[in-house]
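Morning, everyone. Let's get the model up on the screen.

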Amino acid sequence: MADNRLSFRITSPADFLAKLKLERESLESDLTSSRHAINAAMTAWHLLEWVWGGAIQDDNATRLRLGAASKDFPTFRQFVLDKCPAMETMRCIGEGSKHFGGTAGTGVIETREHGGAFSSGFSKAFDISRLEVQKSDRTTAYFDLELDAVIQFWEDFFSRYLTAPGA
């Protein structure tokens, strides 16, 4: 198990997933907040390392359930990226915003604020203001929906593979 003395009270992958959900709640209060989006992306991307180091790397039973995906960290990372394409968005924003000039990932070309005709106080069925992500395939996605896909992936992953308490 990894040494988490530098992470205050966040000591397990489950704690880090809870942190991600709190980051999502913060973003919901302002869907145009770059601060909340960047914090959420960094947390979402780094949850991958927490899951590997805190729940998979040294747990043979979990490694067996994951099969080839648990061979090593790069294989696990690719497994997650393949199963959850929205993780590439989190990687690009989380790592790219950490380094001046955006140095990580190829899946995102740019991020921008979409100025909708309605405030984020309206239902998402309306054209509300929120953050957009232009992907390298020239499609555009809303950051909050990409984040929701990542959270759903991790909730499903925890439920399916990480059955131990505190995982």
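Start with this one: is Val133 buried or exposed? Keep in mind that we are looking at a predicted model. Val133 has a relative accessibility of 1%. The cut-off for buried is under 20%, so Val133 counts as buried.

Where does Val133 sit? Find strand β2, residues 130-135; Val133 lies in that strand. Now its contacts, leaving aside neighbours within four places in sequence. One distance for orientation: from Val133 to Asp144, C-alpha to C-alpha, is 9.8 Å. In sequence, those two are 11 residues apart.

Take α4, residues 73-83, and α6, residues 143-161. Their axes are 11 Å apart, and the packing angle is about 125°. That angle makes α4 oblique to α6. The crossing of α4 past α6 is right-handed.

Which residues make the contact? On the α4 side, Phe76, Phe79, Val80 and Lys83. On the α6 side, Phe153, Trp154, Phe157 and Tyr161. By class, that contact has seven nonpolar residues, one charged and no polar.

Stay on α4. Phe76, Phe79, Val80 and Leu81 are buried there. And what covers the buried residues of α4? The cover includes α6, along with α2 (34-56), α3 (60-66) and α5 (86-96).

That's my tour. Over to you.

Technical notes
Residues are numbered from 1 along each chain as its sequence is written. This is a predicted model: local features need pLDDT of at least 70, side-chain atom pairs count only at pLDDT 80 or more; totals for chains, interfaces and linings use all residues. Side-chain values use heavy atoms; hydrogens and water are left out. Axes are lines fitted to C-alpha atoms, for helices over the stretch in contact, and angles run from 0 to 180 degrees between N-to-C directions. Helices (H or I, at least four residues) and strands (E, at least two) are DSSP runs, numbered from the N terminus. Angles under 35 degrees count as roughly parallel, over 145 as roughly antiparallel, 65 to 115 as roughly perpendicular and the rest as oblique. A crossing is left-handed if the near helix is turned anticlockwise from the far one by less than a right angle, and right-handed if clockwise. Contact means heavy atoms within 4.5 Å. Ala, Val, Leu, Ile, Met, Phe, Trp, Tyr, Cys and Pro count as nonpolar, Asp, Glu, Lys and Arg as charged, and the others, Gly among them, as polar. Buried means under 20% relative accessible area, exposed over 50%, partly exposed in between (1.4 Å probe, protein chains only).
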